[in-house]
Amino acid sequence: MENLGFKEGLAKPKRDRLTRVSSSTSTENGETETTPLTTQNTRSVKPGAPHLRLKWRNLSLAVVEAQLAGKDRCDYMEVGQSPPAEFAPSVYEALEEPSVQITVQVCSDTIRENLLEEMKMINGRFKLFDDIEHETITPDNIVESLEGSSKAELNLCFLWATFLKRHELLEGLLQVGSELNFVDSTGVSALHLAAFSGCAKSTSFLISRGVDVNFQIGAYTPLHCAAFGNSIETAKILIEHGGDLTINTKKENNEECLLHCAVRANAVDCVKLFISHGADVNSTKPSGTNPIHLAADLGLVKCLKVLLNSPEVDPNIRLGSSVKESTALHLAADGGNAECVNLLLAKGADAKLKNHRGLTALHLAARTTSLKSVEHLLRIGAADPNAIDFDHRTPLHGAIGKTSISFKILETLIAWGANVNQQDIYGFTPLHLAALDGLSDCVETLIFHGADVTIKTRKGTTALNVIVRKTPASLKMINHKLDHAITLHTHTVASNREMELELDFGPLLQHCHPREISYLKKIVEENHKEILTHPLCTAFLYLKWKKIRKYYIARLIFCFIHIFFFSLYVLTALAHNCYNSSKDMEEAALIQAQELCQKQSMFGDMLRSNPFVIEIQWWVLAAITLVEIVRKLGGVSGYSSVKQYFMSFENVIEWFVIGSVFVTSYIYTQRTYFWQNHIGAFAILFGWTNLMLMVGQLPFFGVYVAMYTKVQTEFAKLFMAYFFVLIGFTISFCIIFPDSPYFPNPFMAFIIVLILMTGEIDLSMLANEPDGKDPPVLLEISAQITFILFLFFITIILMNLLVGVAVNDIEALKESAELSKLVRQTELISYIESALFNKYIPKCLKKFVHESAMVSPHAYRAILCVKPQNPGEKRLPREILDEALEVGKQRKDLDHTLSNQGSDTSLNSSFKRKGSRRSVRVLERQESVCPSLLRMDSSGIEVTKKMDDNAEKIDILSNEVKELKAILHQNHSTLEHLLFVMTKSQESTRKKSIKKGRISD
């Protein structure tokens, strides 16, 4: 059995925690004890490992300045304030620790060091200690060996011999002058050391000489020391001779009972002994900490098991401190001690109890990244995965971390029903916390399991906003979820092999009711508009529009009637001055009546003779306008604020038209004025323009109106860039042609320049009048040169540049217009929903509105099954069906996985052959698979792929070896032939030299 009492400064074997604190973590150091018997440092709260710590706040200013100090320091530009960054508050501000010191307080090393220090202080001879330890001093020579030793040396030798179990020397040491009851400066006597070392003979000898078994001058009694040394024999002797089990240690702010000492030393046998002799395992006196708490906190399984086997044990007893109310289960979970958690749960510990901060054991286990503890609490303890603390945080909030274990804990909690969208008091969900820490794996896991990216904190920050800034790659998980909602089914029956496509709109509906479009609307608000092009989103928008379009068409007809009656009133009463003419006013006689109100006109005669017709027109218009006002006021509830309501261009236009109806009325003075014509003209222009924009939101016309507004915007920007050139030509023409009726003033001249810019060239301004005086030749030349420059630079170059740049890429423009149309359609549906599901609507109408305007009025999950290859399928447009079919084929070819490379390649090639933009978008979604999902693939597929790769490499290598052998064989034949030729050449040379030698002879 391991005895932790013999280890110096034993600290609690705790796991690293995931703590969310500021980057400058302070360390709590206890006061140094005056007694050398205790370790000098009390427990420190250490931060977790660097790879586990999460930074939730910026570095302090002092830290930043310290980092920037030096000769290479940079100067940062001050160009205004940076946008405020939102940080999550600290999830756990206090550690769940007992309020006592947790290191072992008495051990052999500290005793040895203390005695050596005592000998040093009296200038004693260390040789005496060495002789006793190496048994040089024996009972026979003890008198000679200690002759001449001082009283202090003899007393210390007495303690040293007791500590080293030299019981045979004790009698001789007393005879030479050692004191029986001597204690050192820390209050330790010979009986303390004999009890600690486990020497029964020494203990019995000292007790027989009259030493008090409860002797306590310092912090401990002999029985405490026996517990620290796990000396069961000496403990039994002390108890038999009257040892008191109720005496507590005397340490300032750290008084403990006898069981605490035994638990600290992991003295299992002593714990059993003390319990058998009546030690109270449920007592929290005097420090407020129970021995069960200490054993659970230190992770001492054997001690804890012994304590829990006590018949009267209470596993749910809380800390005696009024500040903390943790149970042993809290401490074990906080330390990641899974075995202790399992033991406590088996003995009836309640996993649902909360501490002083409302934290359950599951909160702490999730924070400590102890997967086994989490599983034990959920499976054995029936812990609530949605339990909230005082800040409304669940264990899922605490499980957010950078390690793979944190990732598994997230999945475990979610599998047991944890709410992924639970908000704390600050509005943060687990997804917010994961995104703020940049933990892409956790972000993707939470999104995959249904986390709502559109939930806002109290400051209005959505999780999607944080994800875009911190982990943008995780956005691909949203597309993956949408792809996963499209499934292709093929019937196995031979007679019915027609494919069916199943579109599950659950990902779009699970977070919004009854406003079904709110999820897409919030995503659009975060500028993630591209998601609308996904076939699931376009299909949902199409179906939603079919349900809700009747309300929009009704509104469109009503707006048409309103602007029509307003136009009729302005044309008759104002523009043609019919109302004043019918009243025979003097001002009307001064103004020549227009054709509409002339006497020879039948319609004019009717208006002049019946002025009440115009009055009826206005009253009908006023009634329609009042209904429009009620409608507009009801629409305010669809916006988050009045400011946002008036930031809408459509709302400003409509309110301007409504105000113009009353401003242009005759009822105040029974007459009309000329200035009302101008207000009416602009109101009519804005009203019909707004009607055009409303028509443009219809899916049939949306693309063209969006293209029109896009081209208009581009044209306006380019026009403003060259505006000053037009001003220059305008003033030049006013100077060169001072008498021309085309350029009487700069304002009129600018209008003429704009007309000339379009190509409407009038050369009469350059021609001289037949009867007039010819202008000077120099002025005439200047006029012609200026006009030619205008013709080339403005009419030809600039105008064509404006047109060419504005509509440079008509296909790209059409695609952007398509996206713009979807955005406008989403906003339109959201606006109509805000009006239809207004809280002021009577209850009797709500049911009808829900049935007629919602895609799924009775459930959050709506599934549509279509037959994409059936010509009779009319429920969705053909383009949406084709795109959804391609996504379904992609999933089916990949066997609903994301790791089948072969299918992936074949699918890519088939899509590339089609060459459509729709196929390209599907490929982009296929290639944007989240990294975390790829890591989820089975290892078998990876192994198979590696084996295939290795097989290919082996085949290539074998082919190369064969080629190399063939080359070597060819080289060998070449060398043999070369050697043969060289040999022949040498022989012929030798024969020739021999012949020459004979001839010379």
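**Buried charges, cores and aromatic pairs**

Biologist: Arg-555 and Glu-654, buried or exposed?

Modeller: Both Arg-555 and Glu-654 are buried. Buried means under 20% relative accessible area, exposed over 50% and partly exposed in between, with a 1.4 Å probe and protein chains only. This is a predicted model, with local features requiring pLDDT of at least 70 and side-chain atom pairs 80 or more, while totals for chains, interfaces and linings use all residues. Residues are numbered from 1 along each chain as its sequence is written, and side-chain values use heavy atoms, leaving out hydrogens and water.

Biologist: What do the side chains of Arg-555 and Glu-654 form?

Modeller: A salt bridge, at 3.1 Å from N to O. The term stands for a side-chain nitrogen of Lys or Arg within 4 Å of a carboxyl oxygen of Asp or Glu. Arg-555 is in helix α27 and Glu-654 in helix α33 (residues 649-663), so the pair ties together parts 99 residues apart in sequence. Helices (H or I, at least four residues) and strands (E, at least two) are DSSP runs, numbered from the N terminus.

Biologist: Which other residue does Glu-654 form a salt bridge with?

Modeller: Arg-631, with the closest N and O atoms 3.4 Å apart. Arg-631 lies in helix α31 (residues 612-634), so this pair with Glu-654 of helix α33 joins parts 23 residues apart in sequence. Arg-631 is partly exposed, at a relative accessible area of 23%.

Biologist: How many salt bridges in total?

Modeller: The count is 20. Another one joins Glu-833 and Lys-544, at 2.7 Å from N to O. Glu-833 sits in helix α39 (residues 810-836) and Lys-544 in helix α27, so parts 289 residues apart in sequence are tied together. Glu-833 is buried, at 0% relative accessibility, and Lys-544 is buried at 0% as well.

Biologist: Switching to nonpolar packing: which residues touch the most other members of the largest core?

Modeller: Phe-274, Leu-344, Leu-377, Leu-413, Leu-446 and Phe-505, in a core of 192 residues. Helix α27 (residues 535-575) gives the most to this core, with 17 residues. Apart from it lies another core of 21 residues, among them Leu-726, Phe-729, Ala-749 and Val-753. A nonpolar core is a set of buried Ala, Val, Leu, Ile, Met, Phe, Trp, Tyr and Cys residues joined through side-chain atoms within 4.5 Å.

Biologist: And how many aromatic pairs?

Modeller: The structure holds 21. One of them is Phe-729 with Phe-733, tilted, at 6.3 Å centre to centre and 35° between the planes. Rings of Phe, Tyr and Trp (its six-membered ring) pair if their centres lie within 6.5 Å; planes under 30 degrees apart are stacked, over 60 edge-to-face and the rest tilted. Both Phe-729 and Phe-733 are buried.

Biologist: What about Phe-733 and Phe-790?

Modeller: That pair is edge-to-face, 5.5 Å centre to centre with 70° between the planes. Phe-733 lies in helix α36 and Phe-790 in helix α38 (residues 777-806), so the pair connects parts 57 residues apart in sequence.

Biologist: Last topic, confidence. What is the mean pLDDT of the chain?

Modeller: The mean is 76, and 74% of residues reach 70 or more. Over residues 896-931 the pLDDT is below 50. pLDDT is the predictor's confidence in each residue, from 0 to 100.

Terms used:
Contact means heavy atoms within 4.5 Å.
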